[in-house]
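Here is a structure to read together.

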Amino acid sequence: MNLDSLLRSEIQKAITALFNQSVEQLQLQPTNAEFEGSHTLVCFPLTRISKLKPEETGNAIGQYLVEHSGMVSRYNVVKGFLNLVISDSVWVKVFESIYANPNYGITPATGKELMVEYSSPNTNKPLHLGHLRNNFLGYSVAELYKAVGYNVHKVQIINDRGIHICKSMAAWKLYGNGETPESSGLKGDKLVGKYYVEFDKNYKAQVKQLQEKGVAEADAEKQAPIMKLAVDMLQKWEAKDADTVKLWSTMNGWVYSGFDSTYKRMGVDFEKLYYESNTYLLGKEEVLKGVEKGIFFKKEDGSVWVDLTADGLDQKVLLRSDGTSVYMTQDIGTAILRFRDFPKIEGQIYTVGNEQEYHFKVLFLILGKLGYEWAKKCYHLSYGMVDLPSGKMKSREGTVVDADDLMQEMVDAARVQTLELGKIDDMTKEEIDELAEMIGLSALKFFLLKVDPKKRMMFDPNESIQLQGHTGPFIQYTHARIKAILRKAASMNIVADQNSLQKVTGLEPAEHEVIFKINQYTNKLQEAAREYSPAIIANYAYELAKEYNQFYQAIPIFNESDADKLKFRIAFSEVTANTIKKAMALLGIRVPERM
RNA sequence: GGCUUCGUAGUACAAUGGAUAGUAUUUCAGAUUCCGAUUCUGAAGAUGCAGGUUCGAUUCCUGCCGAGGCUACCA
């Protein structure tokens with residue numbers, strides 16, 4: 001039973017009775033704190049059919065509702081705003097229906113399917129802060145769609161081939177002395193990343209040396225021996241040279257096992273991985289088919305292009321003159337392959353940074369031109385860059401924040417602060433570790449998810465480890481404190497039941513506010529999925545926790561002498577805790593029983 | 001240059017075309033005989049500039065100023 005839709009239909013009835021007309025869209029909004037009431041009807045748009053001033057329209061509807069609808073007990077009109085006071089019996093009924101439904105908020109399976117791609121890093125460098133935003137976003141959006149009834153497939157494309165990995169391979173071969181993750185104890189992705197940096201360092205030195213000998217810069221860049229080695233390796237790899245492929249697969253293996261442990265700590269998962277090395281040739285076939293059908297065209301030099309000038313874009317190359325694929329070609333193939341693998345998905349969500357907006361615009365247009373209906377259902381979940389207080393993250397300037405280091409830093413800070421509070425002195429070391437992990441990652445995830453994905457954001461490491469304010473740990477704390485209340489209630493054998501809930505009257509304003517928030521959960525979920533925005537859920541969870549804290553501060557629960565009211569408040573606290581827990585789970589954030 | 005996204009308190013973030021623009025942080029002033037004060041209450045402080053549409057604009061439109069991104073036979 002959704003309070004808002006009930007109220008809407010009552011208002012519709014009033015409008016029909018009073019003005020003999022109906023309205024498609026009612027503007028209902030939460031009442032400002034300074035006025036009495038919880039729901040406010042905006043009356044300005046209704047004056048057209050009421051033929052009355054906004055105030056008079058509000059009064060007429062308000063009076064009708066009080067007289068004819070059991071829902072509204074009082075009303076007041078301020079300018080053109082009709083503020084409605086919902087009667088306690090309705091609040092209690094709304095609460096009861098939520099309390100009775102353990103799956104409150106969740107849409108049952110609809111049979112619809114969807115694919116979400118996220119992460120998709122290159123294999124030459126460890127994951128950094130930007131990847132954290134990507135992974136948390138993609139994971140959360142996938143969870144949001146599950147919650148609204150979709151069967152969701154989480155995937156990623158791994159860019160495992162190309163010159164970038166060959167650079168690491170070349171440097172390792174020259175300077176590695178056979179180093180392995182086992183021999184040096186270095187995490188696999190870090191080790192490969194180290195040689196990528198090593199490549200860059202030596203490459204630059206060699207170019208400089210050549211230039212000093214009078215070689216022009218452009219030539220020097222091509223002649224540098226280490227670059228020649230890397231290019232040579234790429235060619236050998238494409239020719240399937242056994243030794244090169246072996247080294248490639250060994251080094252990629254190191255990276256994958258490094259990534260795996262990072263993903264595990266992040267708490268993200270994938271149903272299926274796609275590898276560029278397996279799919280990069282598939283797009284070529286489709287592109288050549290497109291040429292036959294006249295969708296694409298071939299230039300004199302043999303390169304293949306698509307003309308998107310009619311769509312307001314440019315011409316875009318799809319195959320080089322030597323016949324090799326570009327990134328776009330591979331993405332065409334991968335998309336088609338995915339719909340073959342999962343024929344029931346209605347679309348794909350690509351979680352990729354906003355610097356590739358143009359790329360995806362082009363990709364979706366091309367897929368449409370190739371006749372794939374599902375192209376319309378593909379969505380680029382574009383997100384803004386993450387900046388640091390010191391400015392942009394730049395690998396060249398060494399200001400990139402490593403994902404593993406950052407997670408560790410957050411967890412360490414969480415441990416220190418939690419121990420200081422001293423509420424967990426009886427916990428074992430393992431329990432404390434687990435708790436620190438939960439809190440540290442919550443600080444990080446919440447900070448990155450509370451901002452609208454589209455927007456560029458600032459990540460301040462110092463601020464983010466503050467475990468107070470508009471943060472994940474604040475919400476976790478609220479949850480843990482409610483759990484303490486519930487433990488106490490259980491020890492006192494206070495058990496809520498439907499019968500005692502029904503007898504409750506005289507709710508406090510703070511209780512209305514919290515029920516109002518809990519009642520919003522379903523709508524917020526729909527909105528968050530529709531907008532592809534975990535930020536909506538993050539802010540919702542925060543508001544709910546804050547609202548409950550106000551109730552908690554204002555109303556002593558166990559001092560209540562009315563047994564029914566006491567039981568109601570316990571049930572009420574329980575529902576709040578569950579809703580917080582479910583909302584946070586959608587963000588990939590766990591909440592502790594104690595902290 | 002063309003295309004595109006964004007400019008909200010000192011700082012970081014909110015606001016389906018609706019009320020006196022919310023929240024956090026910061027600063028100041030308060031609250032704990034009571035369920036966990038990492039909490040709560042109060043105060044101070046903001047829509048880049050100029051127009052337009054509207055009963056009403058942070059939101060929509062135009063121009064300007066400022067900041068990103070894209071504009072490769074790179075990925």
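Predicted model: local features only at pLDDT ≥ 70, side-chain atom pairs only at ≥ 80, totals over all residues.

Q: How much of chain A is buried?

A: Of the 595 residues in chain A, 53% are buried.

Q: What share of the contacts in chain A comes from residues 24 or more positions apart?

A: Among contacts with a separation of 6 or more, such pairs account for 74%.

Q: How are two packed helices described?

A: Two numbers do it: the angle between the axes and the distance between the axes. Take helix H21 (residues 509–530) and helix H22 (residues 534–554). They pack at about 170 degrees, with axes 9 Å apart. An angle over 145 degrees counts as roughly antiparallel, so H21 is roughly antiparallel to H22.

Q: Which residues make the contact of H21 with H22?

A: H21 contributes residues including Val-514, Ile-518, Tyr-521 and Leu-525. From H22 come, among others, Ile-537, Tyr-540, Leu-544 and Phe-551. By class, the contact has twelve nonpolar, one polar and seven charged residues. As for spacing, an α-helix has 3.6 residues a turn, so residues three or four places apart point the same way.

Q: What span is expected for helix H23, and what does the model give?

A: At 1.5 Å a residue, 34 Å is expected.

Q: Is H23 enclosed or exposed?

A: Count the buried residues. In H23 they are 17 of the 24, so the helix is largely enclosed by the rest of the structure.

Q: What is found at the start of H23 and just after it?

A: At the start, a side-chain oxygen of Asp-562 comes to within 2.9 Å of the backbone nitrogen of Asp-564. Just after H23, Gly-588 takes a positive phi of about 80 degrees.

Q: Where is Lys-581, and what does it touch?

A: Lys-581 is in H23. At 38% relative accessibility, it counts as partly exposed. Leaving out residues up to four places away in sequence, Lys-581 touches His-479, Val-591 and Glu-593. Its C-alpha is 9.3 Å from that of Ile-475, 106 residues away along the chain.

Q: Which polar contact does the side chain of Glu-143 make?

A: Start with its setting. Glu-143 sits in helix H5 (residues 129–147). Its relative accessible area is 14%, and under 20% means buried, so Glu-143 is buried. Its side chain makes a polar contact with the side chain of Lys-154, at 2.9 Å. Beyond four places in sequence, Glu-143 is in contact with Lys-154 and Leu-586.

Q: Is Glu-286 buried or exposed, and what does it touch?

A: Glu-286, in helix H13 (residues 282–292), counts as buried at 6% relative accessibility. Not counting residues up to four places away in sequence, the residues it touches include Phe-296, Ile-336, Arg-340 and Tyr-372.

Terms used
Residues numbered from 1 in each chain as written. Chains lettered and ligands numbered in written order. Heavy atoms only, no water. Axes fitted to C-alpha atoms, helices over the stretch in contact; angles between N-to-C directions. Helix = DSSP H or I, 4+ residues; strand = E, 2+ residues; numbered from the N terminus. Parallel < 35°, antiparallel > 145°, perpendicular 65-115°, else oblique. Contact = heavy atoms within 4.5 Å. Nonpolar A, V, L, I, M, F, W, Y, C, P; charged D, E, K, R; others polar. Expected span 1.5 Å × (residues − 1). Buried < 20%, exposed > 50% of the residue type's maximum accessible area, 1.4 Å probe, protein only. Polar contact = N/O pair within 3.5 Å; in protein donor to acceptor, adjacent residues only side chain to side chain.
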